[in-house]
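Let's take a walk through this one together. Have a look at the fold first, and then we'll go through it piece by piece.

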Amino acid sequence: DESFAVPTASGNEPGTQAAEYALQFVGNPYAWGGDSLTEGTDSSGFTSGVYAYFDVSLPHDSKEQRQQGYEIEGLENALPGDLIFYETPAHVAIYIGDGKIVHALSLAGEICVSEADFDEIVMIRRVLEEK
């Protein structure tokens, strides 16, 4: 069982905290349409559940989540806590740094850590950052 640590030299403390919080749910079940971080969630339910812990309200819809925060150009500029959106299916993940993401993945049947480029990235959004 691999353990993942969020890189500390991020420069975005709230995002780093969100990424660290998200990692504790790795191994919990995937459930289409679900929004429980422990009993089962889909990708947008996972991101909205993690962000809710930090008092940020995200819609349980990845297309609507693409409207939140502001766009970051390129994975090389992404920081832990950023939302990464994928083409197929309407999928969203939380960047944890070092080219990795944490997400609720139907293919895996659980919340897991993957390479950020496991699928084509269509957008990166920063929603959480220093006030």
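Start at a turn: β5 and β6 form a hairpin with two residues between them, and D98 in that turn has a positive phi of about 55 degrees. The names come from DSSP runs numbered from the N terminus, with helices being H or I runs of at least four residues and strands being E runs of at least two. Before going on, keep in mind that this is a predicted model, where local features need pLDDT of at least 70, side-chain atom pairs count only at pLDDT 80 or more, and totals for chains, interfaces and linings use all residues. Residues are numbered from 1 along each chain as its sequence is written, and side-chain values use heavy atoms, with hydrogens and water left out.

I94 has V102 in β6 as its bridge partner. Strands β4 (residues 83-86) and β5 (residues 91-97) run antiparallel and are joined by four bridges, with a hairpin of four residues leading from β4 to β5.

Now zoom out. The whole sheet is open and has six strands in the order β3-β8-β4-β5-β6-β7, with antiparallel pairing. β3 (70-71) and β7 (110-115) each have a single partner strand, so one side of each is left without a neighbour in the sheet.

Two helices join the picture. Helix α1 (residues 13-23) packs on the sheet and touches β5, β6 (100-105) and β7, contact meaning heavy atoms within 4.5 Å. The direction of α1 makes about 110 degrees with that of β5; such angles run from 0 to 180 degrees between N-to-C directions, using axes that are lines fitted to C-alpha atoms, for helices over the stretch in contact. Helix α2 (residues 43-52) lies across β4, β5, β6 and β7, at about 50 degrees to β5.

How much of β5 is buried? Seven of its seven residues are, so β5 is largely enclosed by the rest of the structure. Here buried means under 20% relative accessible area, exposed means over 50%, and partly exposed is in between (1.4 Å probe, protein chains only). Helix α1 is largely enclosed too, because eight of its eleven residues are buried. Among them are P14, G15, Y21 and L23, and what covers the buried residues of α1 includes α2, β5, β6 and β7.

Over in strand β7 you'll find I111, which counts as buried at 0% relative accessibility. Leaving aside residues up to four places away in sequence, I111 touches a list of residues including F25, L37, F46, V102 and A104. T41 is another one of its contacts: I111 and T41 are 70 residues apart along the chain, yet their C-alpha atoms are separated by 8.3 Å.

Methods: Pairing = 2+ DSSP bridges.
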